[in-house]
Amino acid sequence: MQRMNIIKINEFIVDINPDDLIRILGLKRKKSSKKEELKKLVIKEIPEIKKLIKPRGIYRIIDYEETNRHPIFNNAKKVALAICTIGPELERKSSELMRKNQILRGLIYDTYGSEAVEQVACQLDRIISNKARKMGFWPSKRFSPGYGKWRIEEQAFIFKVLPGEEIGIRLKSSYMMEPRKSISFRINFYSEPIQNSKKSMCSECEMKNCPFRNEPVKSKV
Amino acid sequence: MRVENLYKKMEKSIIEGNKEEAERLAREAIAQRLDLNEVINKGFVPGILEVGRLWEEGEYFLPELLTSAECMKSAMSILEPELIKSGNKRKTEGKVVIGTVEGDIHDIGKNLVAAMLTANGFEVIDLGADVPLNMFVDKAVQEDANIICLSALLTTTMIGQKKVIDILKLKSLKGKIKVMVGGAPVTKEWAERIGADGYGENAIEAVKIAKYLMNR
């Protein structure tokens, strides 16, 4: 693996709004004393949760010719591959709480972790996209293996290009990353403006019942 | 206090997710030397059944479901040792071995199913995540379990569910030990294709299917 152009970042801001967390936990449509109780619990837990988050990211920009020529990279001049994580401590604590019959607290920790790593990925995405623009390219939206036609097995290529272990991420034989709260993705760099560059990943996905969905389901006409 | 009133309070404590109250009432039942199996079945169980109903009707959401499951588990952790001391045992709905299959380290969904099965009277042996496939069968045989629950979150790991069923077939245990499957990429069609006995889309459905399998 070439050491050139591998960039590590440890400075990320993680700050989740308690109301957003409660919405994801499933109390979005309800006004009740339970919702207020849950909000109090979430607000009380957040300082402890934040101590367990250690965000780290790594990325590398390669030429199209250096990719494995998967159709997902088609028409790109360059491709940025990236991995980020919030570390293993939060998910360990979540599992420990669940084992101790503190299931709701465990779920709050886990849900916060999922949102936190998403925030880290968004920030890494912005850093890479800004770099692409400075280099004179048009960046695509980010896209992760396991979505659409980019199969989960393609994780192997990302980890071939990037030393995930340097930020504490290991790829298992099932192509799952450890810690679980990790995200890998690619951003294509194009020489010309691309259509739909502002659309979210949800617009590409057909999991219509996903609680995180923020786009209508694409119709199959 | 009349015993019926006590039962009503127990039911309410589970529905409202009041852990301290559920624990206090469990202790009170012990102090009053009540029949603890009756206390569980007439006091606490109606509470968790009502919670399941409220969830199905869209009245309750996941946090409420989990708080009630925690309450149920807390009350049981007080009552069950007393039952054993008196030479009795809680009559369980059945014994379940549960885990996330080898290669897969996701355990949240599996934990929620385990919690709801426990709250609904099943004896649950939780093997954790990334469980070697043979271990599910070995443990189920060792513990004389009725059901194996297999969780998988990836298309690359859900094949492990099929392999466990294949192991059961090889050992002529298919049908004797029932298999339930679940997880984000798992569907009813997949469950049928691999010969699983049941598929639960969520934790409450998993409880229903487990009860159905026990009566089949």
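How much area is buried between chain A and chain B, and what share of that area do carbon and sulfur atoms give?

1. **Basis.** This is a predicted model, in which local features need pLDDT of at least 70, side-chain atom pairs count only at pLDDT 80 or more, and totals for chains, interfaces and linings use all residues. Residues are numbered from 1 along each chain as its sequence is written, chains are lettered from A and ligands numbered from 1 in the order in which they are written, and side-chain values use heavy atoms, with hydrogens and water left out.

2. **Interface area.** The size of an interface is often given as the accessible area lost when the parts come together. Between chain A and chain B, the buried area is about 2300 Å². Carbon and sulfur atoms give 64% of that area. Buried area here is the accessible area (1.4 Å probe) that two parts lose on being put together, summed over both. A:Asn101, A:Ile103 and A:Met176 supply 25% of what chain A buries against chain B, more than any other three residues.

3. **Contacts.** On chain A, 26 residues are in contact with 28 residues of chain B. Contact means heavy atoms within 4.5 Å.

4. Two salt bridges are counted between chain A and chain B. A salt bridge needs a side-chain nitrogen of Lys or Arg within 4 Å of a carboxyl oxygen of Asp or Glu. B:Asp130 forms a salt bridge with A:Lys172, and their closest N and O atoms are 2.9 Å apart.

5. **Chain A's side.** Which elements of chain A give two or more residues to the side that touches chain B? They are helix 1 (18–27), helix 2 (33–51), helix 3 (89–99), helix 4 (103–134) and strand 6 (177–178). Helices (H or I, at least four residues) and strands (E, at least two) are DSSP runs, numbered from the N terminus. Helix 4 of chain A gives the largest share, five residues.

6. **Aromatic pairs.** Four aromatic pairs are counted over all chains. Rings of Phe, Tyr and Trp (its six-membered ring) pair if their centres lie within 6.5 Å; planes under 30 degrees apart count as stacked, over 60 as edge-to-face and the rest as tilted. The ring centres of A:Phe73 and A:Trp150 are 5.8 Å apart with planes at 80°, so this pair is edge-to-face. A:Phe73 is in the loop between strand 2 (56–63) and strand 3 (78–85) of chain A, and A:Trp150 in the loop between strand 4 (138–139) and helix 5 (155–161) of chain A, so the pair ties together parts 77 residues apart in sequence. Both A:Phe73 and A:Trp150 are buried, where buried means under 20% relative accessible area, exposed over 50%, and partly exposed in between (1.4 Å probe, protein chains only). A:Phe73, A:Trp150 and A:Phe157 form one aromatic cluster.

7. **Backbone points to check.** Most residues other than glycine have a negative phi, and most peptide bonds are trans. A cis peptide bond joins A:Glu178 and A:Pro179, with omega about 5°. A:Asn75, not a glycine, has a positive phi of about 70°. A:Asn75 is exposed, at 69% relative accessible area.
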